[in-house]
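Here is a short briefing to read alongside the structure.

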Amino acid sequence: MVTLRLLPLIVLVTTVFSHDPNIALRFGDDLTSYIMLSPNMAPLEESLSLCSWVKQLSPESRTGCILHYRTINRDEITLSDNLVWAYLLTMAPHNVTPVHSQWYHVCLTWTFSSRTKSLYYNGQKVGTRTTSSGRKFDINKGAIVIGQHHHRSPFDTDFYKGKSFAGELAKLNIFKRRLSDEEVSGMYSSGICSSYEESLAEDNFLSWTTLLGDETERHGNVVKFNLTCSAHTHEVT
């Protein structure tokens, strides 16, 4: 069971998917649109995976921050809409450029013991890096912000100007283990409108259900909307 302490002090427990899988979130193009969560849980011991469907609507000349996790001392996770930033402490090098205004699927995985970070784009592994740092993920000393990039303190709303995410997100999850190549590929090939993530619900560290929940404060111009999906292909029509 996962317990999250949201900012301000709201406690939420999430273990199952309870929302329509075809709901997405749209973020406005401004510094006031964001979701912030302060995790309160045991450290991740072995690995993690961060996956999401993304549609970039920010100006193509700008790098918008989808998710940023920062502690008092350093950045831990940074993921941008154009994948210029795809960091789990360090970058997994790649040569992928997502198509603007089209949905794509991205996953970042990190195995602590082997010090290996990998990046997946539309179900395919496109970058891997092994580093000298094998430390555990430091989850209890900062805050996760979605839609913005922390400036200095991880606990305030002094965000970087020019790094806001404008676009749409669906099925954003952090899992408390490294997903296999087959699981990442299956998540993508099943399509944005599928319920594939339900099979991984017991491995959730931060779930899409949490982000859609009524207890989660969505600030500024962050709104839910329904994807229009094909019943046969699980694709957005």
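This is a predicted model: local features need pLDDT of at least 70, side-chain atom pairs count only at pLDDT 80 or more; totals for chains, interfaces and linings use all residues.

The notes below cover confidence, the nonpolar core, aromatic pairs and charges over rings.

The chain has a mean pLDDT of 81, and 79% of its residues reach 70 or more.

**Confidence**
- Over residues 1–18, pLDDT stays under 50.
- For that stretch, residues 1–18, the model has 55 contacts beyond four places in sequence.

**Nonpolar core**
- The largest nonpolar core is made up of 32 residues.
- Inside this core, I66, I146 and L169 have the most contacts.
- Leaving aside residues up to four places away in sequence, I66 touches both I146 and L169.
- Other residues that I66 touches include V54, L79, Y104, V145, F165 and L172.
- The neighbours of I66 also include S80, D81 and G147.

**Aromatic pairs**
- Searching the whole structure turns up 4 aromatic pairs.
- One of them joins Y104 and Y121 in a tilted arrangement, with 5.6 Å from centre to centre and 40° between the planes.
- Y104 belongs to strand β10 (residues 104–111) and Y121 to strand β11 (residues 116–121), so their pairing ties together parts that are 17 residues apart in sequence.
- Y104 and Y121 are both buried.

**Charges over rings**
- R26 places its charged end over the ring of F225, 3.9 Å from the ring's centre.
- K163 has its charged end over the ring of Y160, at 4.0 Å from the centre of that ring.

Methods. Residues are numbered from 1 along each chain as its sequence is written. Side-chain values use heavy atoms; hydrogens and water are left out. A nonpolar core is a set of buried Ala, Val, Leu, Ile, Met, Phe, Trp, Tyr and Cys residues joined through side-chain atoms within 4.5 Å. Buried means under 20% relative accessible area, exposed over 50%, partly exposed in between (1.4 Å probe, protein chains only). Contact means heavy atoms within 4.5 Å. Rings of Phe, Tyr and Trp (its six-membered ring) pair if their centres lie within 6.5 Å; planes under 30 degrees apart count as stacked, over 60 as edge-to-face and the rest as tilted. Helices (H or I, at least four residues) and strands (E, at least two) are DSSP runs, numbered from the N terminus. A charge sits over a ring if NZ of Lys or CZ of Arg is within 6 Å of the ring centre and within 35 degrees of the ring normal. pLDDT is the predictor's confidence in each residue, from 0 to 100.
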